[in-house]
Amino acid sequence: MIKQHRHYKRRPMAHLNKRRRAIESDRLRSASEMTATIDDRKAGFNAELVRAANQMRCRNEIMEALATQPLEMALMTSLEKLLMMIGLERGAIVTFKGDEPRQVALVQLEENQLVNAVHEPHGVIRRARIMRKSVQLPLETKEPLFETAVPIQAPSTDDVVGMVYLLHEEALEVDQFGDILDLSRKLGMTLERHLLFDQMQYEKIKIYQLLDSIRESVLYIESSGENVYANEALLKMFPPILLSSAQGFRHAYERATSLFEHIDQPEELHDYIGRLMNGELPGETIELTAFRGNLILRIYAERIAIQNVEWGMMLVLRDVTKEKELDRKQSEFVSIVSHELRTPLSSIMGFTELLLKREIDPERTRKYLSTIHAETVRLSQLINDILDIQRNETSDYQDVATEVDMKQTLAEVETLFTLSSELHTITFDVPSSPCTIIAHEEKMRQLLNNLIMNAIKYSPDGGTIKVTIDRLADSIELKVADEGIGISEKSIPYIFDKFYRADNSDTRKIGGTGLGLAICKMIVEEHEGSITVDSRIGEGTTFTVLLPLAPKGKA
């Protein structure tokens, strides 16, 4: 059997080369695609690194702003960086005081938009505040638009102290919410710190104002001796010595102890403070004087301790100068009144006793009765003057001050005095222009009466008494001039003192209580005016009164 060989047709070389090239092309294409994929991944990785770096930088800038910047500036920086991190353009951060916005940071939002969103009863901000969690809702607009509110809570209380509010076209993703929540937590800590600081400042200012409102002078010295404080009253008491700070409670460190320079007994005050610094608390008060006896101080001390830890001591300096002066004057007044009352009463008692126990002829009886009557009149006048003094010292004329026409008041007085003395000629000169002032009408009448009666009394031989009124720019000038016995130069400084009477033969004959001019001075000073006297022995006396048209209290 003959084998038949199968002959294969050999493929042309060109075909093989073509296939080889196709394979090589596929291999090159795969390599190129792999390279492109690697490049894409590398680019994406690099972009992610850049984004992460930007976010890290934004977070760091937010942290730095919250730590170093004022609150309003920190809120603005935080909002701008947050929008940059999450890729949005519009938003706001708002803090609350009660239900009202307190600080606001806005980016591409109008303030009225935020206010409307805050007060919208069913809006995202109100819901987020009530539920204390993030709320995102779509708005009913032609274009897709969402609004998101994320509450800012104080870490210690969970109270909502602020809100992050955003407007955006697409719903937020999880990582975006994460960035917002992270910022809200940081803002919560910052706002709580600021609220605590504001509260501390408020309490500090409140304490300062309370201490400044105390009328007693207060000096606080810390146990370390590093800080010394003085309130407003102490600064007014020793103005050249203590330094004042910008507001409230005054810081008077280095120079506070120099107030001892004006204390008349510095050793006693040093000893008192030394006992305090050594832990001893003297229970008694001490009295010292300052400015060469012109200021009388009553001083006591209190120790300041917080949770049984001593912080310092407080000296309270009370000005008792007026009280001491008042006590002295009252004692003197009582003594003088007792003496003045005793004299007429002794005469009345003596003469009445004679009339009761002895048989006296009618002529002497009439003489004794005349003396009793004169002393009774004097006693009555004295009591009336004392009551006038009392009323003037205790009443406040401003409570009943009205417009008083001094020309009309003088006309009434003129009618009273025209026929009161046959020896005197009393003239009244008034201007044509109005003479209206704000004053107590009854006291003005009493002032005129006392001055004219004084002029009549101290011109016993008669003469002319001139009463004139002039209208000045801002006051009324009243003058009462007589041609009487006059007042000696040495007596002039004392004539307005209570019960003072010049001691000479002429005045002893005239008599009187010595209270008339004291009452005049009190009335004039109550109306913020002045009274002066010009006198020459044997020629006469002129009293000049200046009364403002309207005292400052009524201007």
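This is a predicted model: local features need pLDDT of at least 70, side-chain atom pairs count only at pLDDT 80 or more; totals for chains, interfaces and linings use all residues.
Helices (H or I, at least four residues) and strands (E, at least two) are DSSP runs, numbered from the N terminus.

Residues are numbered from 1 along each chain as its sequence is written, and side-chain values use heavy atoms, with hydrogens and water left out.

I begin with a pair that illustrates the opening definition. Glu353 and Lys357 both belong to helix α8 (residues 321-357), where four residues, about one turn of the helix, separate them. The two form a salt bridge, with 3.0 Å between the closest N and O atoms. A salt bridge here is a side-chain nitrogen of Lys or Arg within 4 Å of a carboxyl oxygen of Asp or Glu. Side chains of opposite charge can pair when their charged atoms come close. As for accessibility, buried means under 20% relative accessible area, exposed over 50%, and partly exposed in between (1.4 Å probe, protein chains only). Glu353, at 41%, is partly exposed, whereas Lys357, at 65%, is exposed.

How many salt bridges does the rule give? The count is 18. A further one joins the side chains of Asp182 and Arg185, at 3.9 Å from N to O. Both residues are in helix α5, three residues apart, again about one turn of the helix. Asp182 has a relative accessible area of 21% and is partly exposed; Arg185, at 52%, counts as exposed.

Another salt bridge pairs Glu287 with Arg298, whose closest N and O atoms are 2.8 Å apart. Since Glu287 is in strand β9 (residues 286-290) and Arg298 in strand β10 (residues 295-306), the pair ties together parts that are eleven residues apart in sequence. Glu287 is partly exposed at 36%, and Arg298 is partly exposed at 24%. Finally, a network of salt bridges links Glu412, Glu441, Glu442 and Arg445.

I turn next to the nonpolar interior. A nonpolar core is a set of buried Ala, Val, Leu, Ile, Met, Phe, Trp, Tyr and Cys residues joined through side-chain atoms within 4.5 Å. The largest such core contains 37 residues, and Ile437, Met444, Leu447, Leu451, Val467 and Phe543 have the most contacts inside it. Helix α11 (residues 441-457) supplies the largest share of this core, seven residues. What does Met444 touch, leaving aside its neighbours within four places in sequence? With contact meaning heavy atoms within 4.5 Å, the partners of Met444 are Val404, Met406, Thr409, Ile437, Ala439, Ile523, His527 and Leu547. There is also a second, separate core of 28 residues, Leu66, Leu71, Ile152 and Val164 among them.

Eight of its eleven residues are buried, so α13 is largely enclosed by the rest of the structure. The buried residues in α13 are Leu517, Ala518, Ile519, Cys520, Met522, Ile523, Val524 and Glu526. After α13 comes Glu528, with a positive phi near 60 degrees.

My last topic is empty space. Rolling a probe the size of a water molecule over the atoms shows where empty space is left. On a 1 Å grid over the protein atoms alone, a cavity is a set of points where a 1.4 Å probe fits but cannot get out, and lining residues have an atom within 4 Å of a point. Grid points are joined across faces, edges and corners, and a volume is the space filled by probe spheres set on the points.

The whole structure holds four cavities of 30 Å³ or more. The largest cavity has about 60 Å³ of space. Its lining includes Leu71, Phe96, Arg102, His194 and Asp198. Two or more lining residues come from each of β1 (90-97), β2 (100-107) and α5 (174-213), and α5 gives the largest share, four residues.

The second largest cavity has about 40 Å³. Arg59, Ile62, Leu82, Met85, Asp179, Asp182, Leu183 and Lys186 line this cavity. The elements giving two or more of these residues are α1 (13-68), α2 (71-86) and α5. Which element gives the most to this lining? The answer is α5, with four residues.

How values were computed: On a 1 Å grid over the protein atoms alone, a cavity is a set of points where a 1.4 Å probe fits but cannot get out, and a pocket is an open set with protein on both sides within 12 Å along at least five of seven lines; lining residues have an atom within 4 Å of a point.
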